[in-house]
Amino acid sequence: MATASTTSISRGRGGNRGVLWLSGNGTFRRSPQRAFESDAAFEDADAVFFDADGDADQDLLVTSAGYELNADDPRLAPRLYLNEKGAFKKVPFPAVGLNAAAAAAADVDKDGDLDIFLGSRATPGRFPESSGGVLLVNNGKAMFTDATASQAPALRAAGMVTDAVFEDLGNDGFPDLIVTADWMPVQVFVNNKGTFADASEKWGTAGLHGCWNALHPADLDGDGDTDIVVGNMGTNWQWNITSPDGLALYAADFDNLGRVVPVIALEEHGKQYPYASRDELLDQIPSLKKKYPDYISYSKATLPEMLSEEKLKAARGLAASEYRTGILENANGKFIFHPLPVEAQFAPVHAIAVHDMDADGKPDIVLGGNIKQTRVRMGKNDASLLQVFCNKGSLNFRYLPQYKSGFYVTGDVRDVAVLKMSGAQYLLGAVNNGPLVSYRFSGGGN
């Protein structure tokens, strides 16, 4: 189905400037941008092209991330670049949505301009705390105001946001917001004429607690409404094996040392036990050293015995009980979750594309992901090679083996996209700390 080629690019990590590539005549050419070069110290996390100032060209918003930085570091701020005849110029932008991993643009109030949602990851040094999401309203001239408190206060509780998209689920002309987050359910925020409220319970997603990484809207069953592909952490790693019924996460300053300590609990025979080893946990909560002087006593203790019911109740509690990547079927105003085949669960999914890969008129799914940099105890989770799932109708998807798809990408894929150029179609895959991988489609059929 595809043939491969690889092109090196300068990536937007801290110390590397972002690069703009322009397509034409079947190739890409690099467009020099001084504003990008000046911001090489920023680590780019997400980007969205949209017309910010109403002049009918595409401006660029880039979010910045970095857990190793201080929470108020200016390098965590989003950046807006206005397009001035192909040259991008950095302009003032509100210092909100720090450490954001997700950005989405839509006209949320139907006033003719495009507004912005930004979703933050964990507050640096205080996992799993997060400032959640913010709504920035545009005055039509690229001047943005934080309207979260007045129009969307529920976004502040969105958690460690990983991805977001605007879709008009209610067909009322006002775009609603769907958000994925780590250790949270898939969340649906309904837009009531510019004001957002959490409607996850109504839409049936409130119980889907997972470590969600990505989402992609598409009409997968051809019934005219929007379904959603949602990427999760998969089932091929320790947490699923040791605690298949779910995980709990408690976060608090358990020893009053001025720091947040996250504690993951495994479920076994109806009781919770710490996932961390004795050395790991006692290093973070020193008061337990006298209580558990040896490994035998630690191995027999439940988490409530270690930290007390009172401390656990006072801590921030999160949960993950659904590990699988799958599809949210839009069925009469409710989302129904359908897991994708077992091959989709081999590794965490961080990148999703929807495209008719086999030219049969039905949208297929491409998944990318992996996590190579993990603690030794967890092990690498990198069994995905860029997977294709062919749509056989009625939301029945079948894995297409790598030797048929032609895809073979090792590494941590963080984005995929399909584009058309000079009559040909390509799939691009962005690999963390690696090259941009490109595949040219050679025709349909499987």
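Is Gly112 buried or exposed? With a relative accessibility of 70%, Gly112 counts as exposed, the term being applied over 50% relative accessible area, with buried meaning under 20% and partly exposed lying in between (1.4 Å probe, protein chains only). The structure is a predicted model, in which local features need pLDDT of at least 70, side-chain atom pairs count only at pLDDT 80 or more, and totals for chains, interfaces and linings use all residues. Residues are numbered from 1 along each chain as its sequence is written, and side-chain values use heavy atoms, with hydrogens and water left out.

Gly112 is found in the loop between strand 8 (100-106) and strand 9. Strands here (E, at least two residues), like helices (H or I, at least four), are DSSP runs numbered from the N terminus. Between the C-alpha atoms of Gly112 and Trp183 there are 36 Å, the two residues being 71 apart along the chain.

Some backbone details deserve a look. Phe127 and Pro128 are joined by a cis peptide bond, with omega near 5 degrees, and Pro128 has its place in the loop between strand 9 (115-120) and strand 10 (133-138). Leu395, a residue other than glycine, has a positive phi near 60 degrees. This leucine, Leu395, sits in the loop between strand 27 (387-391) and strand 28 (397-400), and at 14% relative accessibility Leu395 is buried. Ser422 also has a positive phi, near 55 degrees, and belongs to the loop between strand 29 (413-421) and strand 30 (424-431). The relative accessible area of Ser422 is 54%, so Ser422 is exposed.

Asp59 makes an interesting case. Asp59 is part of strand 5 (residues 59-64), and is buried yet lacks a salt bridge, defined as a side-chain nitrogen of Lys or Arg within 4 Å of a carboxyl oxygen of Asp or Glu. A polar atom of the Asp59 side chain does lie 2.7 Å from the backbone nitrogen of Asn83. Leaving out residues up to four places away in sequence, Asp59 touches (heavy atoms within 4.5 Å) a set of residues including Phe49, Tyr81, Asn83 and Phe88.

Aromatic rings come next. Rings of Phe, Tyr and Trp (its six-membered ring) pair if their centres lie within 6.5 Å, with planes under 30 degrees apart counted as stacked, over 60 as edge-to-face and the rest as tilted. The count by this rule is 14 aromatic pairs. One of them is edge-to-face because the rings of Trp212 and Phe337 have planes at 75 degrees, with centres 6.1 Å apart. This pair links distant parts of the chain, 125 residues apart: Trp212 is in the loop between strand 16 (209-211) and strand 17 (214-218), and Phe337 is in strand 24 (residues 335-339). Trp212 and Phe337 are both buried. Tyr292 and Tyr298 also form an edge-to-face pair, with ring centres 6.2 Å apart and planes at 90 degrees. Tyr292 is buried at 6% relative accessible area, and Tyr298 is buried at 8%. Elsewhere, ring pairs join Phe36, Phe49, Tyr81 and Phe88 into a cluster.

Charged groups also sit over rings, a term that requires NZ of Lys or CZ of Arg within 6 Å of the ring centre and within 35 degrees of the ring normal. Arg278 lies over the face of Tyr295, 5.1 Å from the ring centre, and Arg377 over that of Tyr275, at 4.1 Å.

Conventions
Lys, Arg positive; Asp, Glu negative; His and termini not counted. Polar contact = N/O pair within 3.5 Å; in protein donor to acceptor, adjacent residues only side chain to side chain.
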